[in-house]
Amino acid sequence: MQRILLAKTVITDRRGEGFVDTAVKILMAVVIGALVLAGLYLLFSDTILPTLTERIRNMFNYRG
């Protein structure tokens, strides 16, 4: 009896979110994620990686 009542409640529920809302949320998450990754890529390729590469070369080219 409880399952029938639960199924009826779920079927007649009008407050659920639609497919368009979910699609918009997923699209926003993908776009924001791509922007964050692009920003991190620019930061690492221009700022961090050149200095890191130079430091590693200096460590292994030690002539002491």
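Of the 64 residues in the protein chain, 0% count as buried, where buried means under 20% relative accessible area, exposed over 50% and partly exposed in between (1.4 Å probe, protein chains only). This is a predicted model, in which local features need pLDDT of at least 70, side-chain atom pairs count only at pLDDT 80 or more, and totals for chains, interfaces and linings use all residues. Residues are numbered from 1 along each chain as its sequence is written, and side-chain values use heavy atoms, with hydrogens and water left out.

**Overall dimensions**
- The radius of gyration of the protein chain is 27 Å, whereas a compact globule of 64 residues would have one near 11 Å (taken over C-alpha atoms; the globule rule is 2.2 Å times the number of residues to the power 0.38).
- Along the principal axes, the C-alpha atoms fill a box of roughly 85 × 25 × 10 Å.

**Helices and their residues**
- The protein chain contains two helices and zero strands (DSSP runs numbered from the N terminus: helices are H or I, at least four residues; strands are E, at least two).
- Leu-5 is placed in helix H1 (residues 2-12) and is exposed, with a relative accessible area of 57%.
- The C-alpha atoms of Leu-5 and Ile-32 are separated by 41 Å, the two residues being 27 residues apart along the chain.
- Tyr-41 belongs to helix H2 (residues 19-60) and counts as exposed at 59% relative accessibility.
- Between the C-alpha atoms of Tyr-41 and Phe-19, 22 residues apart along the chain, the separation is 33 Å.

**Surface**
- The protein chain exposes about 6700 Å², of which carbon and sulfur atoms supply 68% (Shrake-Rupley method with a 1.4 Å probe; for residues, only the protein chains shown count as cover).
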